[in-house]
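Please look through the structure below with the following numbered notes beside you.

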Amino acid sequence: MKLHEYQSKRIFAEHGIPIPNGEVAITPDQAREIARKLGGPVVIKSQVLVGGRGKAGGVKLAKNPNEAEQMADQILGMDIKGLTVDKVLVDQAADINEEIYLGIVIDRALQLPVIIASAEGGVEIEEVAKTNPEAIKRLPIDPQVGLMGYQARNLAFDLGLRRVFVNDFVRILTGLYSAFISTDASLAEINPLVITGDDKMLAVDGKIILDDNALYRHPKLAELRDIQEETDSEREARLAGLSFVKLDGEIGCMVNGAGLAMATMDIVKYFGGEPANFLDIGGGAKSDKVAAALRIILKDPKVKSILFNIFGGITRCDEVARGILEALNEVQTNIPMVARLVGTNEEEGRQILAEANFPSASSLGEAAQKAVQLAKGA
Ligand code: GDP
Ligand code: MN
């Protein structure tokens with residue numbers, strides 16, 4: 001789950017990281033009022049859950065409350081990478097001399113949190129990673145030990161920071177690490193961390209991505225979810241307890257089990273098709289879940305066929321077969337489908353589908369090939 005910039009920065013502030021004063025506005029009028037209270041120049045920042053807002057015109061400087069109102073009026077309602085801006089953060093503008101990149105992510109290969117830092121931060125950080133990778137420092141952290149003071153100091157020297165900034169940098173990095181660990185984040189990032197004209201360090205931007213699997217430990221953070229930022233399909237899937245990831249292909253996949261869902265997508269590709277989604281409907285797979293999953297898959301106009309791949313363990317294939325038919329009663333569609341059912345009560349399951357003229361297959365290869373043919377209109 002992604003947090004907004006203003007939410008992320010508030011968490012950073014709780015961990016001792018200096019951030020600009022500011023407040024969120026949902027109307028140009030409110031933006032003017034906030035700018036008036038802050039006094040001096042402000043920056044109006046679209047709050048949408050994508051990166052690259054600056055380049056997209058979603059971050060603008062305003063010299064006074066009048067301009068703040070105008071800029072907010074321009075930015076509110078704006079479309080940024082498919083998301084509509086419905087709130088802006090009005091922050092005291094920073095007088096920026098230098099922009100540093102500072103982030104922490106989980107490195108899956110190392111199985112450790114890794115601190116990533118560069119003295120060449122800002123909106124071009126991806127470009128720096130490509131053209132000047134040596135400018136990006138990486139520091140793996142042993143989570144049993146935590147971030148040690150000397151590691152943070154060494155990193156500051158590695159980045160070539162001037163001596164006067166070393167203590168501030170260490171305090172900010174220590175705060176970022178504790179924010180990352182205590183929220184069970186998969187990413188915590190400040191880009192840019194700036195050095196201002198009066199030699200202060202300030203986190204001008206902030207981003208946190210929380211690990212959904214750990215959200216149950218953080219009910220307060222779970223409340224920060226912005227419903228409006230979810231697509232309809234994502235929301236429906238989450239509420240129905242389904243793991244769903246939309247992809248670009250034409251073959252809808254409905255599978256019980258995450259590993260099996262990955263294998264199903266591989267087999268679909270192997271036979272020349274492209275999966276339209278990853279979907280794990282989980283164990284049990286009663287008709288209401290199958291129906292919800294079917295509705296979600298069918299929302300995608302690119303879907304040309306649907307492949308059901310069900311492995312009956314505790315789940316009984318006859319129950320799933322009945323679930324599929326009940327779901328089809330509820331969700332009317334002409335999209336062709338094929339099911340592969342194996343495991344507990346598979347004969348009964350296939351019998352039930354056969355009686356309803358629902359095509360099924362006993363091997364995954366056969367079912368996947370059929371789904372690919374159906375998608376091609378064969
Ligand atoms: P992003 O593009 O979504 O990452 O949004 P950022 O918050 O990082 O803003 C993009 C860029 O706008 C930053 O790299 C800065 O160069 C600039 N910017 C953001 N806030 C300020 C500010 O307070 N003052 C000044 N002068 N520039 C700012
Ligand atoms: Mn940024």
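1. A search of the whole structure finds two aromatic pairs, where rings of Phe, Tyr and Trp (its six-membered ring) pair if their centres lie within 6.5 Å, and planes under 30 degrees apart count as stacked, over 60 as edge-to-face and the rest as tilted. This is a predicted model, in which local features need pLDDT of at least 70 and side-chain atom pairs count only at pLDDT 80 or more, while totals for chains, interfaces and linings use all residues. Side-chain values use heavy atoms, with hydrogens and water left out.

2. Tyrosine 270 and phenylalanine 271 have ring centres 5.1 Å apart and planes at 85°, so this pair is edge-to-face. Tyrosine 270 is exposed, at 67% relative accessible area, whereas phenylalanine 271 is partly exposed at 27%; buried means under 20%, exposed over 50%, and partly exposed in between (1.4 Å probe, protein chains only).

3. Phenylalanine 308 and phenylalanine 358 are also an edge-to-face pair, 5.8 Å centre to centre with 80° between the planes. Phenylalanine 308 lies in strand E16 (residues 305-312) and phenylalanine 358 in the loop between helix H12 (346-355) and strand E18 (360-361), so that the pair links parts 50 residues apart; helices (H or I, at least four residues) and strands (E, at least two) are DSSP runs, numbered from the N terminus. Phenylalanine 308 is buried at 1% relative accessible area, and phenylalanine 358 is buried at 7%.

4. The protein donors of the manganese ion (ligand 2) are Asn191 (O) and Asp205 (OD), 2.1 to 2.2 Å from the ion; donors are N, O and S atoms within 2.8 Å of the metal (3.2 Å for Na, K and Ca), and water is not among the atoms, so sites may look incomplete. Both asparagine 191 and aspartate 205 are buried.

Key. Residues are numbered from 1 along each chain as its sequence is written. Chains are lettered from A and ligands numbered from 1 in the order in which they are written.
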